[in-house]
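Biologist: Could you walk me through how to read the helices, sheets and contacts in a model like this one? Let's have it on the screen first.

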Amino acid sequence: MSYIAVRSQGLGKKFRISHESERYRTVRDTLSRGLASALRFGRRAERRPAEDFWALRDLSFEIKHGDVVGIIGGNGAGKSTLLKILTRITEPSEGLAEIRGRVGALLEVGTGFHPELTGRENILLNGAILGMRRSEIISKFDEIVAFSEVERFLDTPVKHYSSGMYVRLAFAIAAHLEPEILIVDEVLAVGDVAFQKKCLGKLGDVSRGGRTVLFVSHNMAAVESLCNRGIVLDHGRLVFSGPVKEAVGYYYDSVSSTPEAESHVFDLAPCPHRRSKGGKLLKRIELFTESDRPLTGEMIIGDRLRLRIHFELPVPASSFNIGLGFNNVYTQRIFTANSLFDRSRSDSERVGHQVFVCDIPEFTLMAGTYSIRIWLDINHMEVDLIDDAASVRVMESDYYGTGNMPRQGAVVLRHQWYLEDEAFAAKKTPATACASSSTRVI
Amino acid sequence: MVRPSRRWPRFGFKEVWEYRDLLYFLVWRDIKVRYKQTALGVAWVILQPVFATVVFSVVFGRLAKVPSDGIPYPVFAYVALLPWQLFAFCVAESANSLVGSQNLIKKVYFPRLIIPLSTVLAGLVDFGVSFLVLLALLFRYHISLTPSVAVLPALVLFVVAAALSVGLWLSALNVEYRDVRYTLPFLAQIWMYATPVVYSSSLVPAKWRALYGLNPMAGVVEGFRWAVLGRSGALGAQVWVSVGVVALLLIGGLVYFRRMESTFADVV
């Protein structure tokens, strides 16, 4: 039963961007133009200095019934525009899309919620806005309330709700929409982790129920776990369509080929994602690789990674530690390094400017980009923490020296294979630099 | 479902009908929310026309001594104010309705016609409440209703149609030109004085009557006086002119609205 649920042919959406000069129109100008335009029956005044901007261009794809499709791409790639066209919120400028089945759209959680109305009333209203029949809402009412976990506040105006309750209620309504095609945009960006999991679970149920789902998200882990197909958009064009793993891979390749600041020194002062309880004590990170070369650009799997961390100790302290967390692009922690883990580090009392060096003889994380979170503890209290403080890019390499490149998994680890009756031979040659390094994967 | 944009769209009544539950809930929301967090609440529905009547009675009835065809001036004014305020309220609300629900328009699809439609329907409820005050007023002045009151529902429907016809134009225009919002108060005021609310249309010279009929509200207001009180200034051929004007405006408004509809989400 794999008929086509969505077919798009040469879909395009054009916007007109007005130019600067227009922003300062006089009232008279506005009126006369408005009048002229109205008289010409809605056609916009063509004389304005304006430029066409194609948010989407020449988009053709097919989605089979029952597919769960992740739509990925950077900001401004046209993902939301595509969803708006498919949900009929806006019309395409060219091309056409064919959709078979009832469409349920979830472009935002809590659309049309009225702050003055109670939870109960908003369920009715929002359900109707999302396209449910009155009878449908009423029959699912109890289920919705149970899912939202706000029973006690059902008769309180939602303006008194906490934002968490608000979102839970809103999602509960949307989750009980039973369309044949569900279109979801980035709604999981809200709510706490537990709630996100619940939503993902609910979405998973929907897709297992044999319905077609289109899902836009920047959370690649979610896309990969939920979807079976992926569509990659870039600047309004479809650049890849296929199995989700390949789509995500394609997206990351295209992202990582964009140039970034090629320096081995990361100044921590301007970092936006910072939580400082004891002042901005972390100053700078410098990256070095094999034979103490500054690490600019990328390193290869298994190279040395040496980080020089400049920081300040405001008062004399001997118990201070620095932690480094390496997160992959899915924001999953792959490896944590911490000076706590090294017994041999000095414990003399120090004050003022310090340079702490973390030396990783073999950085054996898989090819990819890793963002570094760094934090400083003094007397076991976190005083300064920075997310995305620096990043390292690791390139594929023939780590095992066999000509067979490792491509899957998160790390490479030295390991040996031998047939038991040849064990004697294996003992004789313990491979090159064995897993004797201090690198540990947590 | 295929979606290329048609140049001349159809009215789409069928789709509006499919979304009638949404229409119902939007009307219900408007009514529920309108007087929330006001101290006087629903009393405002009554107070607005009553205050206006008091002011008009003093200024035009007492001071200016505007003739009122032998009807006590407060009754004369209130009867006319009912349809006028229904009209003015519906026009104002629907003109701002699309802009006011832009968060909906940008995030959910439904026939956009539902939005101005729901505001107009919600206005009817206010009208119903203030109509009760009229009954009290008639009782107070010992005026009894005549059989002609049976025409009233038709007149109310006509007011709604007139309000919708203007509201459709203004709401669609307002999406692109916010000037509408600022023009609206003047428009309402001028229009009211062009309508026999505070005076009788018998004051209008006969040769201007047909032209006067171009204002659909003129006929309606006099029609109201006739339906409720059994007599009024002047009525005649101008009624049909009014009907024609409203029909033209309404069809034009629908076509214009439907044509602009596809761009609402992008422009608003």
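**Reading helices, sheets and contacts**

Biologist: Before we go on, what should I know about the source and the numbering?
Modeller: This is a predicted model, in which local features need pLDDT of at least 70 and side-chain atom pairs count only at pLDDT 80 or more, while totals for chains, interfaces and linings use all residues. Residues are numbered from 1 along each chain as its sequence is written, and chains are lettered from A and ligands numbered from 1 in the order in which they are written.

Biologist: How do I check the length of a helix, and what does α2(B) give?
Modeller: The expected span is 1.5 Å times one less than the number of residues. For α2(B), residues 20-34, that is 15 residues with 21 Å expected, and the distance from first to last C-alpha is close to this, at 21 Å. Helix α7 of chain B (residues 152-176) has 25 residues and should span 36 Å; its end C-alpha atoms are 37 Å apart, which agrees.

Biologist: And how many residues of α7(B) are buried?
Modeller: Of its 25 residues, 18 are, which leaves α7(B) mostly covered.

Biologist: How do the axes of α7(B) and α11(B) cross?
Modeller: Axes are lines fitted to C-alpha atoms, for helices over the stretch in contact, and angles run from 0 to 180 degrees between N-to-C directions. Here α7(B) and α11(B), residues 238-267, come within 8 Å and cross at roughly 30°. Their crossing is left-handed, meaning that the near helix is turned anticlockwise from the far one by less than a right angle (right-handed if clockwise).

Biologist: Which residues meet there?
Modeller: Contact requires C-beta atoms, placed from the backbone, within 7 Å. Those on the α7(B) side include B:Phe158, B:Leu168 and B:Trp169, and among those on the α11(B) side are B:Leu250, B:Phe257 and B:Met260. By class, the contact of these helices has 18 nonpolar, 2 polar and 1 charged residues. Ala, Val, Leu, Ile, Met, Phe, Trp, Tyr, Cys and Pro count as nonpolar, Asp, Glu, Lys and Arg as charged, and the others, Gly among them, as polar.

Biologist: What is the make-up of chain B as a whole?
Modeller: Chain B has 11 helices and 0 strands, and buried residues make up 43% of its 268 residues. One of its residues, B:Gly223, sits in α10 (residues 216-229) and is buried, with 22 other C-beta atoms within 10 Å. B:Gly223 and B:Leu152 are 71 residues apart in sequence and 8.3 Å apart in space, C-alpha to C-alpha.

Biologist: Now the sheets: in what order do the 6 strands of the open sheet in chain A run?
Modeller: Strands of a sheet pair through backbone hydrogen bonds, either parallel or antiparallel. Two strands count as paired if DSSP finds at least two bridges between them. The order is β5-β6-β7-β3-β8-β9, with mixed pairing. β5 (103-106) and β9 (237-243) of chain A stand at the edges with a single partner strand each, so one side of each is left without a neighbour in the sheet. From one strand to the next, the twist averages 15°. β5(A) pairs with β6(A), residues 181-185, in the parallel sense over 4 bridges, and A:Ala105 has A:Ile183 as its bridge partner.

Biologist: Which strands pair with β12(A) in the antiparallel sense?
Modeller: Among them is β10(A), residues 265-267, joined to β12(A), residues 282-289, over 3 bridges. β15(A), residues 305-317, is joined to β12(A) by 6 bridges, and β13(A), residues 293-294, by 2 bridges. β12(A) and β13(A) form a hairpin with 3 residues between them, and A:Ser291 in the turn has a positive phi of about 45°.

Biologist: Last one: how many residues are in contact between chain A and chain B?
Modeller: 33 residues of chain A are in contact with 28 residues of chain B. On the chain A side, α3(A) supplies the largest share, 5 residues.

Technical notes:
Buried ≥ 20, exposed ≤ 12 C-beta atoms within 10 Å, placed from the backbone. Contact = placed C-beta atoms within 7 Å.
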